[in-house]
Amino acid sequence: MLILKIKRSYVSILAVLLCLTSPMVMASDTQMLTGLWKHSGKDLWMEIKFDQAVGTGRIFKNDKKPDSIGKPVLTRLVFDAALGKGEGMMYVPQMQSRYEAKIKLPEPNIMTMTVKVGFISKTVKWLRGDVNTLTNNEM
């Protein structure tokens, strides 16, 4: 009986420790993607923010379509920092619909996003930026 009580107390302690450390893991997962990202082939900027563990990417800057600023293009974003991978739903304007997007961080400042529509898939590279980079590019 004493051994069983000891095992239960160890399990309880372990459960408490896991509960205390899980918010820290989620925070680091979301921090890896939070911020401004520039499309590598276009003058298009997206800002990713997280509410708890689910993120949204909204158009931050788009010179060709200024009315799109603030619109959510990436929704239901979840990311696992340990794997360096995530997924979400990306809006595809040509199809006027959302499709599953696979996200990878091959490097801390490079994000690749692959969207598959039917048999066709396209991978786009996004580069991490900040407001200073954005301001310098406008000059």
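## A positive surface patch

Lys42, Lys64, Lys65, Lys71 and Lys122 form a patch of positive charge on the surface. Patch members have over 30% relative accessible area and no salt bridge, and like charges are joined within 9 Å. A salt bridge is a side-chain nitrogen of Lys or Arg within 4 Å of a carboxyl oxygen of Asp or Glu. The place of a Lys charge is taken as NZ.

This is a predicted model, in which local features need pLDDT of at least 70 and side-chain atom pairs count only at pLDDT 80 or more. Residues are numbered from 1 along each chain, and side-chain values use heavy atoms, without hydrogens or water.

## The loop between β3 and β4

Lys71 sits in the loop between β3 (54-62) and β4 (72-80). Strands are DSSP runs of E, at least two residues, numbered from the N terminus. Lys71 is partly exposed, at 44% relative accessible area. Buried means under 20%, exposed over 50%, and partly exposed in between, with a 1.4 Å probe and protein chains only.

Ser68 is also placed in the loop between β3 and β4. Ser68 is buried, with a relative accessible area of 12%. Leaving out residues up to four places away in sequence, Ser68 touches Ile59 and Asn62. Contact means heavy atoms within 4.5 Å.

## Two positive phi values

Most residues other than glycine have a negative phi. Gln52 is not a glycine, yet its phi is positive, about 65°. Gln52 lies in the loop between β2 (44-51) and β3. Its relative accessibility is 64%, so Gln52 counts as exposed.

Arg76 has a positive phi near 50° and is not a glycine either. Arg76 belongs to strand β4. Arg76 is exposed, at 58% relative accessible area.

How values were computed
Patch = residues over 30% accessible without salt bridge, like charges linked within 9 Å, V, L, I, M, F, W, Y side chains within 5 Å. Areas by Shrake-Rupley, 256 points an atom, 1.4 Å probe, with all protein chains shown as cover. Lys, Arg positive; Asp, Glu negative; His and termini not counted. Helix = DSSP H or I, 4+ residues; strand = E, 2+ residues; numbered from the N terminus.
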